[in-house]
Amino acid sequence: MTDRIVPIDENTAVLRPPSLVAGVGASKGVTADEVLALLDEALAVGGLSRDSMTALATIDAKAAEEGIVAAARQGGWPLYSYPPGQLAAVEVPNPGEAALAAVGTPSVAEAAALIAGHELVVAKRKSAMATVALARIRPRGRLALVGLGPGDRDLVTPRAIDELRRASVVVGLDRYLDQIRDVLRPGTRVLRSGLGAEEQRASSAVAEARRGHAVALVGSGDAGVYAMASPALAIAGTDIDVVGVPGVTAGLAAAALLGAPLGHDHVIMSLSDLHTPWEVIERRIRAAAEGDFVVAFYNPRSEDRDWQLGAALEILARHREPETPVGVVHDAFRPGQRVLVTRLADVDPALADMRSVVIVGSASTQIIAGRMVTPRGYKWQRS
Ligand code: SAH
């Protein structure tokens with residue numbers, strides 16, 4: 001899909017986006033033929049296709065100029081016009097004294113093209129009675145924040161698949177991109193990166209959307225849970241559309257494997273102290289403990305962070321019985337999945353790692369038939 005003239009053979013289909021506008025100036029009495037001939041010359045100089053032309057633009061004083069009106073009609077394009085003050089405010093590469101004296105703005109063709117479009121692609125060209133410049137319209141970009149779920153393909157939502165198919169640029173971590181490669185359209189640009197580099201991933205996704213692309217920023221689970229949506233939206237403005245596609249987050253995936261541990265009030269907490277001071281994390285664990293919330297720990301343990309989960313469980317143990325059920329789920333809905341239901345007194349923190357979620361029950365959580373169950377907190381009433 002391009003507005004450029006490209007070599008084609010019998011195996012090529014070229015789609016023309018409606019992406020070009022022509023700014024037109026003319027002396028009184030210009031013919032439509034002269035305007036169109038100059039327009040075609042400008043398109044040829046830029047290597048651009050007339051099929052991508054969408055509009056002509058000029059100054060108010062020429063909005064009824066017969067040759068310009070007829071040229072627009074012949075091309076099937078609308079004709080836009082602007083007052084001299086608006087045109088004069090546009091910075092152009094080739095301003096002219098003559099135009100300023102005649103119509104009150106140093107540029108008609110280039111300025112009008114830049115108001116109707118965004119970037120000048122062919123500077124002003126002149127014939128005896130006309131001037132033409134071409135600009136390209138930048139489409140409004142779209143940033144989709146797409147959660148891919150915990151792993152298995154059938155836990156990726158159909159809406160996530162639709163957004164990936166729609167995207168012309170996909171940004172994400174290597175291992176997630178590998179999972180969804182087959183659904184991307186041929187020609188989709190894939191910007192892959194390794195772990196870390198989060199800010200760079202977020203900023204390149206936003207930058208691509210600003211350029212007018214349909215971008216999908218993908219992440220595992222839900223893209224807004226300890227993931228890329230926050231850094232991306234921290235720098236995204238009103239100049240792009242943003243669409244969130246929720247995904248099955250790790251805590252829900254783990255809960256489904258454990259039984260129904262989240263049947264009543266619960267909190268999700270990350271134990272990673274890379275970006276949050278441990279004192280803050282500890283204060284929140286104490287609050288969750290005092291509030292008797294079921295707690296789902298993300299990022300429970302890694303090679304460098306080996307003591308935090310033990311410390312967290314110790315805080316909870318001060319407020320909960322040793323028999324409190326605990327679930328440890330490793331690689332939920334992925335190859336190598338492990339599901340363990342145990343008790344607070346027995347849990348070995350070394351069983352958890354960076355690919356695990358640990359769910360600690362509340363005072364009312366029970367183990368029933370080997371499953372972790374948190375009651376809804378009310379009795380079924382008989383009538
Ligand atoms: N955005 C992700 C979470 C990113 S934080 C989501 O919504 O799921 C990374 C943490 O998520 C891991 O350390 C681990 O605790 C958890 N996690 C992600 N996928 C998991 C899976 N399939 N099984 C178990 N834990 C998982």
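Strand β12 (residues 266–270) runs parallel to β13, and 5 bridges join the two; strands here are DSSP runs of E, at least two residues long, helices are runs of H or I of at least four, and both are numbered from the N terminus. Two strands pair if DSSP finds at least two bridges between them. His266 has Val294 of β13 as its bridge partner. This is a predicted model, so to speak of local features takes pLDDT of at least 70 and side-chain atom pairs count only at pLDDT 80 or more, while totals for chains, interfaces and linings use all residues. Residues are numbered from 1 along each chain as its sequence is written, and side-chain values use heavy atoms, with hydrogens and water left out.

Strand β13 (residues 294–298) has 5 of its 5 residues buried, so the rest of the structure largely encloses it. Buried here means under 20% relative accessible area, exposed means over 50%, and partly exposed lies in between (1.4 Å probe, protein chains only). In a regular strand, side chains alternate between the two faces of the sheet. Both faces of β13 are covered, with Val294, Ala296 and Tyr298 buried on one side and Val295 and Phe297 buried on the other.

An open sheet is built from 3 strands in the order β11-β18-β17, with mixed pairing. The edges go to β11 (259–260) and β17 (366–368), each with a single partner strand, so one side of each lacks a neighbour in the sheet. Between β17 and strand β18 (residues 371–373) the pairing is antiparallel, over 3 bridges, and Gln366 sits opposite Val373 in β18.

Over in helix α2 (residues 66–75) sits Gln74, which is exposed at a relative accessible area of 54%. Leaving aside residues up to four places away in sequence, Gln74 touches Ala32 and Leu36, a contact being heavy atoms within 4.5 Å. Gln74 and Leu36 are 38 residues apart in sequence, with their C-alpha atoms 9.0 Å apart.

Zooming out, the protein has 12 helices and 18 strands. Its radius of gyration is 31 Å, well over the 21 Å from the globule rule for 383 residues, so the protein is more spread out than a compact globule; the radius is taken over C-alpha atoms, and the rule is 2.2 Å times the number of residues to the power 0.38. The C-alpha trace spans about 95 × 55 × 50 Å along its principal axes. Of the 383 residues, 44% count as buried. Among contacts between residues at least 6 apart in sequence, 66% join residues at least 24 apart.
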